[in-house]
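Please take a moment to look over the sequence and the fold shown here before reading on.

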Amino acid sequence: MKEDEPKPAITIVEYSDEYKDQVRDVIGKTLADIEVIDPATLPIDDPDLDSIEKEYSGNGRFWVALREGKVVGTVGVRDGGNQVAKLKRMFVLVDQHGSGIGQQLLDTATDFAEQEGYKKMVLNTHEKMQRAHKFYERNGFLQTDKTGDKIHYEKNLLSTAKAINNLRH
């Protein structure tokens with residue numbers, strides 16, 4: 001593909017096991033590329049990645065961003081109890097940063113959380129992920145805490161108009 005040619009479109013789809021290895025690779029490669037983990041530790045061995053469909057079932061979901069059938073980004077929502085959605089596993093390959101994939105994934109997760117009736121979304125991210133901090137803040141997340149190397153964010157969901165509309169129905 002020439003540099004001036006547009007990249008093929010991104011499709012956001014719900015996770016299925018056919019993407020299991022690609023998801024693990026995207027998350028591991030992204031963490032290694034931004035120097036959160038040592039590349040020698042790849043592939044990452046996180047138990048929740050062995051059972052994504054189970055871990056993100058019920059009031060949760062997991063999506064992948066596909067470009068030409070290949071996973072280039074991931075995001076999940078898990079039920080945190082008390083009408084709180086936990087944003088999990090939000091990753092986009094470093095060479096895809098700035099292309100709008102992260103925004104599509106976040107919008108998908110946020111829309112889902114609002115439709116499920118969650119009132120708040122929370123997340124944590126590594127302190128080295130400066131680009132992610134700016135992205136979340138640009139999208140209305142507020143930093144609430146820092147524990148160790150994790151920065152914690154939250155955002156209230158359901159705009160006033162949506163909340164009023166939900167009360168009417």
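Two residues are said to be in contact here when heavy atoms of theirs lie within 4.5 Å. By that rule, and leaving aside residues up to four places away in sequence, T74 touches V23, V26, I27, F62, W63, V64, R89, M90, F91 and L105 in this predicted model. T74 is found in strand β3, and its side chain reaches the backbone oxygen of R89 at 2.6 Å. Is T74 buried or exposed? Because its relative accessibility is 0%, T74 counts as buried.

Strand β3 belongs to an open sheet of 7 strands, whose order is β1-β2-β3-β4-β5-β7-β6 and whose pairing is mixed. At the edges stand β1 (10-14) and β6 (142-147), each with a single partner strand, so one side of each has no neighbour in the sheet. Elsewhere in the sheet, β5 and β7 run antiparallel and are joined by 7 bridges, and the bridge partner of K120 in β7 is N156.

Helices lie against these strands. Helix α3 lies across β1, β2, β3, β4 and β5, running at about 160° to β4, while α4 packs on the sheet and touches β4, β5, β6 and β7, its direction making about 165° with that of β5.

The largest nonpolar core has 43 residues, of which V23, V64, V77, L87, M90, M121 and Y136 touch the most other members. Among the elements that give two or more residues to this core are α1 (20-33), β3 (70-79) and α4 (130-138), but α3 gives the most, with 6 residues. Beyond residues up to four places away in sequence, V77 has contacts that include W63, L87, F112 and M121.

Methods. Residues numbered from 1 in each chain as written. Predicted model: local features only at pLDDT ≥ 70, side-chain atom pairs only at ≥ 80, totals over all residues. Heavy atoms only, no water. Core = buried A, V, L, I, M, F, W, Y, C linked by side-chain atoms within 4.5 Å. Buried < 20%, exposed > 50% of the residue type's maximum accessible area, 1.4 Å probe, protein only. Helix = DSSP H or I, 4+ residues; strand = E, 2+ residues; numbered from the N terminus. Polar contact = N/O pair within 3.5 Å; in protein donor to acceptor, adjacent residues only side chain to side chain. Pairing = 2+ DSSP bridges. Axes fitted to C-alpha atoms, helices over the stretch in contact; angles between N-to-C directions.
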